[in-house]
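Colleague: Please put the model on screen and take me through it. I will ask, you answer.

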Amino acid sequence: MGTAADMAAALLLVAVLLHCTGTAMVRASHAVYPELQSLEAEKVDETSRTGYHFQPPKHWINDPNGPMYYKGLYHLFYQYNPKGAVWGNIVWAHSVSTDLIDWTALDPGIYPSKKFDIKGCWSGSATVLPSGVPVVMYTGIDPDEHQVQNVAYPKNLSDPFLREWVKPDYNPIIAPDNGINASAFRDPTTAWYGPDRHWRLLVGSKVDDKGLAVLYRSRDFKRWVKAHHPLHSGLTGMWECPDFFPVAVHGGSRRHHRRGVDTAELHDRALAEEVKYVLKVSLDLTRYEYYTVGTYDHATDQYTPDAGFRDNDYGLRYDYGDFYASKSFYDPVKRRRILWGWANESDTVPDDRRKGWAGIQAIPRKLWLSPRGKQLIQWPVEEVKALRAKHVNVSDKVVKGGQYFEVTGFKSVQSDVEVSFAIDDLSKAEQFNPKWLTDPQALCKKRGARETGEVGPFGLWVLAAGDLTERTAVFFRVFRTNSNGSRLVVLMCNDPTNSTFEAQVYRPTFASFVNVDIAKTKAIALRTLIDHSVVESFGAGGRTCILTRVYPKKALGDNAHLFVFNHGEVDVKVTKLEAWEMKTPKMNAPAQ
């Protein structure tokens with residue numbers, strides 16, 4: 001039997017690991033509206049358009065594809081419909097940046113032009129070969145509607161913009177064989193080079209209800225052979241957009257644990273004791289993602305999740321909100337791993353047609369393994385701070401039960417807010433029901449921001465009307481699991497129930513338990529990026545992340561307000577709150 005602290009930590013971890021996908025569902029990425037696919041947007045409605053999140057000037061976007069760094073530029077490709085604001089006519093749109101903040105749009109990099117991709121160019125990844133040559137691997141849709149894997153190379157390696165790409169005639173390099181479902185075979189990963197001098201990559205697939213990360217090997221990057229077994233599998237339905245990469249272990253002798261590890265280093269046996277491996281999959285059935293952290297045996301090509309990681313759709317997520325089809329890459333300049341993820345709209349298809357656009361990319365996040373190796377931690381890339389402008393702050397302000405106050409002196413509709421809360425008395429926390437462990441989203445819906453409690457709910461009302469008739473709540477709620485309050489569970493929620501008067505908008509609550517020992521610290525921190533129709537929150541230093549799309553009708557522009565609230569009986573202190581207006585970067589103006 002461990003100490004009380006150990007037991008509390010174990011319970012916290014169980015709470016985090018046992019969360020479920022819940023009842024909320026994001027709209028499917030491949031909903032097909034043939035009559036709308038090629039209706040050009042006549043005008044763009046800017047009302048809810050974001051200011052500093054990545055999006056093109058108009059039309060539909062979804063999965064981030066092939067992010068990489070090449071000759072001084074960050075490259076981001078993404079799934080894009082150049083003809084309308086719904087999914088269809090998909091090409092790889094292409095943008096470049098020197099800082100991940102200001103973006104310049106180039107012509108599409110990959111688009112249907114050959115028999116092996118004539119019906120679509122779907123998602124994929126980039127691999128930078130040891131020679132420095134970047135290669136794109138992507139899924140093409142052939143005339144038979146089969147999903148095949150193709151490769152493309154830059155036409156001009158001296159061009160840092162990589163404007164033109166060549167598709168060799170020997171494509172497809174991987175086609176579905178008799179054991180593969182040709183309609184569920186897509187999204188190749190970044191390749192890695194093994195100690196046996198073979199390249200490897202994964203392709204997402206399924207057999208019946210089993211999701212697969214199908215493994216392929218190649219000596220020359222041209223001829224690929226399927227391995228006898230998948231790298232990994234799970235009873236979760238189709239696995240889309242797999243991602244497989246190393247992360248540094250805390251305390252390793254060769255690097256700080258927050259630094260990224262290049263996928264190219266997977267073959268380095270000397271790193272075996274200093275890295276873990278992450279396998280992330282996107283679940284086509286639920287439109288959520290989950291990841292595990294584990295070990296990878298180079299000799300047998302077997303990946304084994306560490307004990308404690310739920311290896312199904314109850315597993316840990318990068319983000320517990322509207323965040324899908326994510327793709328990471330290694331930044332060699334700052335030696336970090338960066339994560340991109342797509343956030344779909346949660347309004348209606350007619351709304352998207354009226355707006356002339358649909359979809360954004362979440363703020364790029366630095367990603368690393370926590371010191372104990374129990375989860376990944378994410379934080380907005382440091383470059384985001386360059387957008388901070390007018391600044392306000394509040395310190396050492398007590399918010400009594402049932403009270404709230406407005407943070408004034410700046411425009412919060414496009415802002416970055418960091419706040420630290422302290423709670424002296426945790427003994428009155430509500431009793432926790434173990435049944436709640438399996439569905440934090442249902443708990444958040446049942447005990448939302450409007451429901452009074454003991455320790456919480458406390459947090460922020462963002463994109464709020466002055467009279468609070470519209471508001472989105474980002475909050476914490478603390479529960480106890482024993483009689484004396486020494487074992488506590490923290491729930492984090494994004495609650496958009498009152499975010500808009502628009503009746504047709506989908507407004508799911510998103511939630512997760514936070515792996516933090518609040519009994520010891522008696523404090524918890526929150527960072528929220530607010531951007532017109534996006535509320536992107538990072539709890540406890542990035543241990544829990546939740547992105548929500550909202551569409552207020554009153555809380556627009558100067559009429560959007562920010563409040564701190566406490567609906568619990570126990571007093572909460574705002575030890576420090578800092579908020580900044582955020583400037584609008586250059587966002588995908590065409591290259592001159």
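Colleague: Is strand β12 largely enclosed or open?

Modeller: This is a predicted model, in which local features need pLDDT of at least 70, side-chain atom pairs count only at pLDDT 80 or more, and totals for chains, interfaces and linings use all residues. Residues are numbered from 1 along each chain as its sequence is written, and side-chain values use heavy atoms, with hydrogens and water left out. Buried means under 20% relative accessible area, exposed over 50%, partly exposed in between (1.4 Å probe, protein chains only). Seven of the nine residues of β12 (residues 210-218) are buried, so the rest of the structure leaves this strand largely enclosed.

Colleague: How many bridges join β11 to β12?

Modeller: Strands (E, at least two residues) and helices (H or I, at least four) are DSSP runs, numbered from the N terminus. Two strands pair if DSSP finds at least two bridges between them. β11 (residues 199-207) and β12 run antiparallel, and the bridges joining them number nine.

Colleague: Which residue in the turn of that hairpin has a positive phi?

Modeller: Val-207 has Lys-210 of β12 as its bridge partner. Two residues lie between β11 and β12 in the hairpin. The turn residue with a phi of about 55 degrees is Asp-208.

Colleague: What is the bridge partner of Ala-213 in β14?

Modeller: β12 and β14 (residues 232-234) run antiparallel, joined by three bridges. In β14, the partner of Ala-213 is His-232.

Colleague: Which residue takes a positive phi in the hairpin of β12 and β13?

Modeller: β13 (residues 225-226) pairs with β12 in the antiparallel sense over two bridges. Tyr-216 has Lys-226 of β13 as its bridge partner. Six residues lie between the strands, and the one with phi near 70 degrees is Phe-221.

Colleague: How many aromatic pairs are there?

Modeller: Rings of Phe, Tyr and Trp (its six-membered ring) pair if their centres lie within 6.5 Å; planes under 30 degrees apart count as stacked, over 60 as edge-to-face and the rest as tilted. By this rule the count is 35.

Colleague: Why does the pair of Tyr-74 and Phe-329 count as it does, and how far apart in sequence are the parts that it ties together?

Modeller: The ring centres of Tyr-74 and Phe-329 are 6.3 Å apart and the planes stand at 70 degrees, so the pair is edge-to-face. Tyr-74 counts as buried at 3% relative accessibility, and Phe-329 counts as buried at 5%. Tyr-74 lies in β2 (residues 73-80) and Phe-329 in β19 (residues 324-331), so the separation of the parts tied together is 255 residues.

Colleague: Which ring does the charged end of Arg-388 sit over?

Modeller: A charge sits over a ring if NZ of Lys or CZ of Arg is within 6 Å of the ring centre and within 35 degrees of the ring normal. Lys-366 lies over the face of Trp-368, at 5.6 Å from the ring centre. For Arg-388 the distance to the centre is 3.6 Å, and the ring is that of Trp-580.

Colleague: Which strands stand at the edges of the open sheet of four strands?

Modeller: The order is β15-β16-β17-β18, with antiparallel pairing. Each edge strand has a single partner, so one side of each is left without a neighbour in the sheet: these are β15 (239-248) and β18 (302-305).

Colleague: In β17, what is the bridge partner of Val-281?

Modeller: β16 (residues 275-283) and β17 (residues 288-297) run antiparallel, joined by seven bridges. In β17, the partner of Val-281 is Tyr-290.

Colleague: Is Asp-301 buried or exposed?

Modeller: Asp-301 is found in the loop between β17 and β18. Its phi is near 55 degrees, a positive value in a residue other than glycine. At 0% relative accessibility, Asp-301 counts as buried.

Colleague: Where is Pro-457 found?

Modeller: A cis peptide bond joins Gly-456 and Pro-457, with omega about 10 degrees. Pro-457 is found in strand β29 (residues 455-464).
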